Structures are given as structure tokens and as C-alpha cells.
Amino acid sequence: MPLSARMPELASFEVFLTIAKTGSLGRAARELGMTQQAVSRRLAYMEAQIGVILVVRTTRGSQLTPAGLIVAEWGSRLLEVAGEIDAGLGSLRKEGRERIKVAASQTIAEQLMPHWLLSLQAEARRRGSTFPEVVLTATNSEHAIASVRDGTVDLGFVENPGKPTGLGSIVVGRDELVVVVPPGHKWARRGRVVTARELAETPLVAREPHSGIRDSLTVALRRALGDDMEQAPPVLELTSAAAMRAAVLAGAGPAGMSRLAVADDLAVGRLRAVTIPELDLGRKFRAIWVGGRTPPPGAIRDLLAHITSHSGPA
């Protein structure tokens, strides 16, 4: 049987019972960390909702009416049961801390997740606490979003531009795309500057459609050249950074890649970064989940708190 519209919320019972315990709106407000005006409004709303006067104010403070005494007894029992349920739910959340299913885009799964998980384990050991088992699936951003939406995974990490609609998200890191070529490529000549138009008209080694890297490069080109910009078809479509890197080194063509994925190649000169001043190639990594702006409590929130504390400013 559904509750009637006259049934107050638990928060209203908490305020009312604190007034009953302290005998004063002011003392109740201090105990609850609220203003006296807020406590008074909550009490007035509760009385109007149930249609009964619960408290009268006297020179000696706030006293319960006969009806208020009865409601206080009922409310105490109700909050006791609610507390038991809350504790039980906490136990369920604690059990859920043992395992988190995660889907992450390729760059994040390969370049960042191992470091995040190892540092989480090390911190847990230092504190003498347990850490959850993280079951990680490496995919592209589109599939990670779909897996979070349909409940296949508990948490996703994506690198595509913009926030996915209808999901909670938080920035967990930043990255930069870099257009890379082998040392013998014409774009690798010292002082050579490539235009955004030249890049758009060049067949590239690319990731599959709707991957975060490919979408991010397209968005950057459209910002520079307009929404009607047309890109040349890819010379190759590949599903991993390792395959793209090998194709570029083999001379298949330039590629837009995460700087994280090619940092070692750039450092030793196996690949060269191309200068394209017109393009803003910075991008954000996001964690995503089903729900509101705050991550779900328990293991997911703890994991994200650890990641953001170790990722520097977002």
C-alpha cells in the first residue's frame, strides 16, 4: 500500500525529534548544524503536511502537544528502523567494495589504469586496508559509455570530447593529441609547419569510428576550419595505439595519437611531432557512472578520489 502524501520525510522526523529532545528550536538548530529559521520552517511544513500541531512555544522553550508526544514515539521507532536499514545497506556496499567492473578507452586502459591501480594497492597496504578487485575491459569510448548505460560495468573511463549526456562524470586527467610521422616524412623537416587544412586533406592512419582519439581530432579540425569541414578518408583504420604506431613507422601515413602513447618514441626520435599551430589538441579524460553529479558511495567513490588525488589538477 503506497504511503499517503501526508507522510513526512525522515529528515522532518529527525528535526522534530531533535526539538523534542532539546526542548528548543535554537538548541535543535545548533545540534543539527542548521539555522533556527530552517528548523522552524521544517517544523511548520511537517505540521501543515500532517494537519496536526506538534509543538507549542512557551516562555520555557518549545513543548510537545499531546499529539506531538504520540508522533515523537512513532517517529523514534521509525528512525530506529531506518537506522537499521541504513546500516544494512552499508554492509551491502561494503561487500560491493570487493569487485568493480570497469570499461576504459584504450589510452586510459593502457597508459593510466595500471599506474592508478598499483598506487591504490600500495596505499591500501600502507593503511592496512583492503582494496577492491578491478575487472578492466579495454575498449573505445563509445562502447565504454554504452556499457555504463546498460549496467554491464559499474564505472567507465572515456576520452571523447564533451560530457556524455545523462551520466554523472568527473575529469580525472588531461592529455594532448599529437600528429606524428616517421623521421623521413616531409612533415618532419625542421621548421615545417602544417596547416589545419593540409591535415584535413591528408589520408591519416586512424582509429575506428567513434573512438575518443578520432572524434577529438575531428572536433579540433572543425573548430579551426568550420563545421562543414570534410576530412580525407583514412588510409588505414586500426583498433589500437600499438597498431597505429606500427603503421606510422612503416610509412603508411601520419596519425593523430595520444602523447602518452608515443612519449617514448618522441623522446628517442623514432617518431616526430608535427607542428599545427591552428589546432587546440588538448583533451580531457573523464570517469562516468549512472547517477547524479556525485560518484556512487563505496568502492567507486574511493577509487575516483584516489585517482583524482594522484592525477594533479583537472
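I'll take a strand, then an arginine, then a surface patch.

One caution before we start: this is a predicted model.

Start with strand β5, residues 155-158. Is it covered on one face or on both? Both. On one side sit L155 and F157, and they are buried.

Now its partners. Strand β3, residues 99-105, pairs with β5 in the parallel sense, over three bridges. Strand β11, residues 282-289, pairs with β5 in the antiparallel sense, also over three bridges. Look at G156. In β11, G156 stands opposite I288.

Next, R207. You'll find R207 in strand β7, residues 205-207. Is this arginine buried or exposed? R207 counts as buried, because its relative accessible area is 5%, and the cut-off for buried is under 20%. What does its side chain meet? The side chains of R207 and E208 are joined by a polar contact of 2.8 Å. Further along the sequence, R207 touches several residues, including Q106, N140, R214 and E237. L238, T239, S240 and M244 are also among its contacts.

Last, the surface. V81, I85 and L89 form a nonpolar patch there. Together they have about 260 Å² of accessible area. V81 belongs to helix α4, residues 66-96. V81 is partly exposed, with a relative accessible area of 43%.

That's my tour. Questions, please.

Technical notes
Residues numbered from 1 in each chain as written. Predicted model: local features only at pLDDT ≥ 70, side-chain atom pairs only at ≥ 80, totals over all residues. Heavy atoms only, no water. Patch = residues over 30% accessible without salt bridge, like charges linked within 9 Å, V, L, I, M, F, W, Y side chains within 5 Å. Areas by Shrake-Rupley, 256 points an atom, 1.4 Å probe, with all protein chains shown as cover. Salt bridge = Lys/Arg side-chain N within 4 Å of Asp/Glu carboxyl O. Helix = DSSP H or I, 4+ residues; strand = E, 2+ residues; numbered from the N terminus. Buried < 20%, exposed > 50% of the residue type's maximum accessible area, 1.4 Å probe, protein only. Pairing = 2+ DSSP bridges. Polar contact = N/O pair within 3.5 Å; in protein donor to acceptor, adjacent residues only side chain to side chain. Contact = heavy atoms within 4.5 Å. Lists of a residue's contacts leave out its neighbours within four places in sequence.
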